Number of protein chains: 2
Amino acid sequence: MDLYHAPDAQRVELLKEIANKIRVISVDSTNACKSGHPTSSASIAEILSVLFFNVMRYSTSAPRAPNADRFILSKGHACPALYAAWSQTGLFPESDCMTLRKIDSDLEGHPTPRLNFIDAATGSLGQGLSIAAGMAYVGKYLDKSSFRTYCLLGDGEAAEGSVWEALHFGSHYKLDNLVAIFDINRLGQSEVTSLGHDTETYRKRLDAFGWNAIVVDGHDINELDKAFFSASNTEGKPTAIIAKTLKGSGFVGIEDQMNWHGKPLGAKTDEALSRLRDLIKNNGPARISPESPPDDCPEVSLAVKLSEPPSYKEGEKVATRKAFGTALLKLGRNNNRVINVDGDVKNSTFSIDLENEFPNQFIQGFIAEQNMVGVAIGAAARDRTIAFCSSFACFLSRAFDQIRMGAISFTNVNFVGSHVGVSIGEDGPSQMALEDLGMFRAVANSTVFYPSDAVSAERAIELAANTKGITFTRTSRPATVNVYPNDESFEVGKCKVVRSSGDDKVTVVGAGVTLHEALAAADELAAGGVNVRVIDPFTIKPIDSDGLKSAIRATGGKLVVVEDHYPEGGIGEAVLAAVAGEKLVFKHLAIRELPHSGPSAALMDKYGISAKCISKAVQQILSA
Amino acid sequence: MDLYHAPDAQRVELLKEIANKIRVISVDSTNACKSGHPTSSASIAEILSVLFFNVMRYSTSAPRAPNADRFILSKGHACPALYAAWSQTGLFPESDCMTLRKIDSDLEGHPTPRLNFIDAATGSLGQGLSIAAGMAYVGKYLDKSSFRTYCLLGDGEAAEGSVWEALHFGSHYKLDNLVAIFDINRLGQSEVTSLGHDTETYRKRLDAFGWNAIVVDGHDINELDKAFFSASNTEGKPTAIIAKTLKGSGFVGIEDQMNWHGKPLGAKTDEALSRLRDLIKNNGPARISPESPPDDCPEVSLAVKLSEPPSYKEGEKVATRKAFGTALLKLGRNNNRVINVDGDVKNSTFSIDLENEFPNQFIQGFIAEQNMVGVAIGAAARDRTIAFCSSFACFLSRAFDQIRMGAISFTNVNFVGSHVGVSIGEDGPSQMALEDLGMFRAVANSTVFYPSDAVSAERAIELAANTKGITFTRTSRPATVNVYPNDESFEVGKCKVVRSSGDDKVTVVGAGVTLHEALAAADELAAGGVNVRVIDPFTIKPIDSDGLKSAIRATGGKLVVVEDHYPEGGIGEAVLAAVAGEKLVFKHLAIRELPHSGPSAALMDKYGISAKCISKAVQQILSA
């Protein structure tokens, strides 16, 4: 272990002054927009001062450089302090802080990567540490770089289970390049936190979770600096710094008082800052510069394609979930930055195919989906990996808030959800995703793939890897025959006309298992002299408005949509939105009640999405 | 502390025999349906035997009686063992177990309350302990009854953060009537769990989380029984029993082996059961009966109405979130079983109004939304309370999986989500719910309210309290004037025509803040000689198909829907689905990009949902 050298008295004074400037700027900027969180900013002022000016290695000219130490403010509402700290580095003028929360300023109410010094959005609590853990994992095991990752959490958010998932992940993978700082300021939004200032309980819990747990006075520059030194010199486990602080620290009459959460100081400002303003001698940026980071992080390319095209035999039955595993492996062969994060279902989703050949490109997140998603977002941040994250589709709902925040982070994570709909069969409704299309369609800037055979599934995964923003690919449990030849090509937003004649009476839209039911219905109907046009949308978002309209018009507006999903938010509503204004005679076959356990085919029939039900719906439309 | 009396040798033998019968039935029933989890059942056989036949107090004639001890199988996939245990109590014939997972049997693949001995559905892991904690909380603080609550968890699911939220909640509220049993069988679905058989780490963590943590051999009847005795005699803290077990325990050649998760034994059965079958002498139900529970749980009525009608002054501006607080308090005054579970935002959602007058009817869940929802589901189980659960609407997405499972539990929890849409203003996108309508619409059997003024908000909350299934009420941050008189009445599934004339050119549907924008647009348009019909849907699910069609037909099919929500899954798609087949000229105003921080009115204008944007859309439709 290196010998610790405490900062000299002059440096300590400079760091104290920076902390106080952070406080004052936080008060002034929140006063300027009449909203925001000055007291939550004040409690972290010394932590930020020490981190940004005595610990972290980065360059103000490239704050997001891959070799720079990373900082995630999990308690995102304290961003006035973060913006203030960056202004002191000289990254932008201090006066910019006064544009906080204004519609034309990217210094938003909570941090987002619209700013060039933010890697991931925060503001929904308890999510930062998972993202930091994903970054640290990539740094240690993929980049093999010396950059370190720091995450600052509030004590209120320490009640979030996702934090404990991340803590468990951090120690399991021995992320000694990761530091969590807990700002124990005692006060939540509406009352005292459950543990208040009981730092010993925090210490016991963090120690039990396998972290190097250190309690410090969070307003003492020396104690903080020494703890960060301990973190840098502890091998095999991450460090948690439990910083006892005061909310509104330094504000006269406000410090450690209730009912000051999320409130600008307003008329109280002059009194509250009476001591602090006097302590500040330096009006310019800080007179300390950060240390530059070592240049030891490799450049990476995220260009990727399938290492070889789909190669299935005629009539072969393959589940789309299996084709996902195949495609993931082919992408992994093509680019060693293709990774997958799993939640102990790799043998069901088939992400195990990647692990078997490239164990270094596979992250086992165990049964902790919120952290799994956060780790994937962290791993994908700063364009370091092409990250897939796969589970049963229904269990991705566990992390909807993380996924929603991922969109605000502009993440490019590719989600893959298997075991969808009643067609999974006997496991019953708890394992059936019946709302996943609605969930992922409602994610900002998302792309939603729903491949119906192995060829289109491989291409969906390849397209997903090359699509910006969040993607979701819905895969199915049952094995089905291929609909497309091995050399078929696919595009985002382009549907496929799978069956047509010059005399189609009705358009039938199906996807996944219901496309196969639609084709069976089409055969049956054709035998009875009724031709239908069968459409595979391929992507549900964006959905092919022109292709759908063309089919609908060719069949006199007669339309059946059939989906293994609840009616709300799924394919039916996506189609209706895409063709709104068209003349329609419409039947929507979807799962309209809480399903039961049972054999797959029997359930599809019982809940009205089998070939038989489709034929009946077509006949009803034609006889109406 | 009472003196411990160990069961005598004969009783121990009987309990061992029951455990082995549970194993054999689990194997036979999963063989019969060729799916399911016999090995996960085998590891808990002794735990169930001791609990059901030597510890728990209940009556087979009324397994869900309010005074009966409760049991939640959080690792729901082990239900073959649970069904086998109940068959041994004589509740139903052992032969019924062989209908496992069949479409006409309620012995489903994972337990649901379709069965009269199940309080809440499980199967998505890590959720049972929160539900059990909700039950225990009600037992201790509302019922003041002596019933005890037992929850059996798997070790794989112990990685779920929601478990640690529940553990924190349990110790914080000193739930000494709650026992968690962790089945540490070492093997997950796809690999060894992260902690394997490291029971000491589990013990340290559970102890640090404030539980009476006891490690036992989970296959030793005496050790288990003694641990349950310790639980019953420990005051002020809940007990966690860490049971070291073997997956597939007792199955020759399978016990403690990988790759047997979720697999019937099939051809291996005879060999695997060769020892066990010989040990079983009793072919009928168990020769031990459970002890009856004391009759100390009060009867409750869940009939409820507002204690007094809405009473607002003309022109008064009130946010619907504030009206929620008022209505919640009025319901609480009318029925002391009305409770609210909060996530440290009571002063923003206004659930604090209930706490201030009836602190006993308020549960602070701190910042842990998954547990908050689970506690509400547990509190509402067996019709013990009228449970509300309120937070910022965007943070309810944190618990989507719990809410989804709540629907499978047939829960009647009423969710209320505030701070929706861009109209919240400066806090920015992380705090804006823009997908909540889509999320709650896609919940099975849900009812979704979206009140637009304080009068309708109070009535929505009253209707929600009286509606079966999950309800969601969407409330808004900005204060608005009332649209309705104090004596207006409302119905689920009935819209309101808020503005109409004999000469309306376009129908405009708005809700919440956009109803007010629509009315402002209507004024502006009327001044220019164009009348529009303005509709307030009141409930988004079910949505008033007839009322909408009538308005749309009266305006020649011309329709504008405007909502403070992403386009997917919200009001626009709900309307399109409800009126599919109608001739339409349609404009959908919704939030179509990731929003920014800024003032509320400026954001509504920027993202296209303000009165000005509505007027423009109407003009465009009319000039098309």
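How many salt bridges are there between chain A and chain B? I found a count of 14 salt bridges, bearing in mind that this is a predicted model. I picked out one of them: B:E160 pairs with A:R398, and their closest N and O atoms are 3.6 Å apart.

Next I looked up polar contacts, and the count between chain A and chain B is 62 residue pairs, both residues at pLDDT 80 or more.

Then I turned to the extent of the interface. I have 100 residues of chain A in contact with 100 residues of chain B. The two chains bury about 8100 Å² between them, with 53% of that on carbon and sulfur atoms. In chain A, the residues that lose the most area to chain B are A:I103, A:R398 and A:L594, together 10% of what that side buries.

Symmetry came next. I can superpose chain A on chain B by a rotation of 180° with 0.0 Å of shift along the axis, at an RMSD of 0.0 Å. That is how a two-fold axis relates its copies. In chain A, the C-alpha nearest the axis belongs to A:G161, 1.8 Å away from it. The copies meet through the same surface, because 100% of the interface residues of chain A are interface residues in chain B too.

Last, I checked the domains of chain A: domain 1 covers 46-245, domain 2 covers 317-481 and domain 3 covers 496-623. The C-alpha centres of domain 1 and domain 3 of chain A are 50 Å apart.

Definitions and conventions:
Residues are numbered from 1 along each chain as its sequence is written. Chains are lettered from A and ligands numbered from 1 in the order in which they are written. This is a predicted model: local features need pLDDT of at least 70, side-chain atom pairs count only at pLDDT 80 or more; totals for chains, interfaces and linings use all residues. Side-chain values use heavy atoms; hydrogens and water are left out. Contact means heavy atoms within 4.5 Å. Buried area is the accessible area (1.4 Å probe) that two parts lose on being put together, summed over both. A salt bridge is a side-chain nitrogen of Lys or Arg within 4 Å of a carboxyl oxygen of Asp or Glu. A polar contact is a pair of N or O atoms within 3.5 Å; within protein, one must be able to donate a hydrogen and the other to accept it, and residues adjacent in sequence count only if both atoms are side-chain atoms. Domain bounds come from an automatic or database domain assignment. Copies are superposed by least squares on the C-alpha atoms of residues with pLDDT of at least 70 in both.
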